[in-house]
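Hi everyone, thanks for coming. Have the structure up on your screens, and I'll walk you through a few charged spots.

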Amino acid sequence: MTDGFLTDNICAQCQGRCCKTMGCSLEPADMIRALNGRAATRENLEQLLQNSQFAIDSFQIGGRAFYYLRMKHKCFTFIGVDAMGECIALTDAGCGLLFEDRPKGGRMLEGKETGNCVQHYTQEMMIADWRPWQDTLKEIWDEWFDKFERDGVFDQCEEDYMQYQMGKRKT
């Protein structure tokens, strides 16, 4: 069994509050598994991102962007400029992924009945894991961010997400 915290019953009670704010973080091993034996080249990573549920995102460390992969947000693209959004894997019944198929951030989230859940895949761990991938992820980010910004993709994603949220409120 994969290490982590199987707390689906607790998460079901709060209806995935964490998953409604951000998709969980991957570790590089999750990305490698998703490549199904293909080498982790820039070309293969771009193809994976374009055809999967993953997005490149970043956080600031020392005044610089630090890149990693997480689950995409509903209605958004694989460049994670959306600071918050509902995870693409969240369903009305909880996470749509089997426990062993969830990214490390999902497996290492310890649900608490009080709602004060604990993420055991820390930022420090992510920095250590993703450091070797910074150049490649930055290259992909820079190329696609500029293209999506020019083409209005991010604005369309925001509009689609607002429509999605409005549709959910009506049901």
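Let's start with a term: a residue is buried under 20% relative accessible area, exposed over 50%, and partly exposed in between, using a 1.4 Å probe and protein chains only.

Quick housekeeping. This is a predicted model, where local features need pLDDT of at least 70, side-chain atom pairs count only at pLDDT 80 or more, and totals for chains, interfaces and linings use all residues. Residues are numbered from 1 along each chain as its sequence is written, and side-chain values use heavy atoms, with hydrogens and water left out.

Okay, salt bridges. By that I mean a side-chain nitrogen of Lys or Arg within 4 Å of a carboxyl oxygen of Asp or Glu. How many salt bridges does this rule give? The count comes to 12.

One of them joins Arg42 and Glu143, at 2.3 Å from N to O. Arg42 sits in helix H3 and Glu143 in helix H6, so this pair ties together parts that are 101 residues apart in sequence. (Helices here are DSSP runs of H or I, at least four residues, and strands are runs of E, at least two, numbered from the N terminus.) Arg42 also makes a salt bridge with Glu139, at 3.4 Å, N to O. Arg42 itself is partly exposed at 26%, and Glu139 is partly exposed at 41%.

Why about one helical turn between Asp142 and Lys138? Because they are four residues apart in that helix.

Now hop over to a network of salt bridges: Glu27, Asp30, Arg33, Lys104 and Arg107 are linked there. Is Glu27 buried or exposed? Its relative accessibility is 15%, so Glu27 counts as buried. You'll find Glu27 in the loop between helix H1 (8-14) and helix H2 (28-34). Contact means heavy atoms within 4.5 Å, and beyond four places in sequence Glu27 touches Lys104, Arg107, Tyr121, Asp129 and Trp130.

Last stop is Pro103, in the loop between strand S4 (94-95) and helix H4 (104-107). Pro103 is buried too, at 4% relative accessibility. Pro103 and Ser25 are 78 residues apart in sequence, yet their C-alpha atoms are 6.3 Å apart in space.
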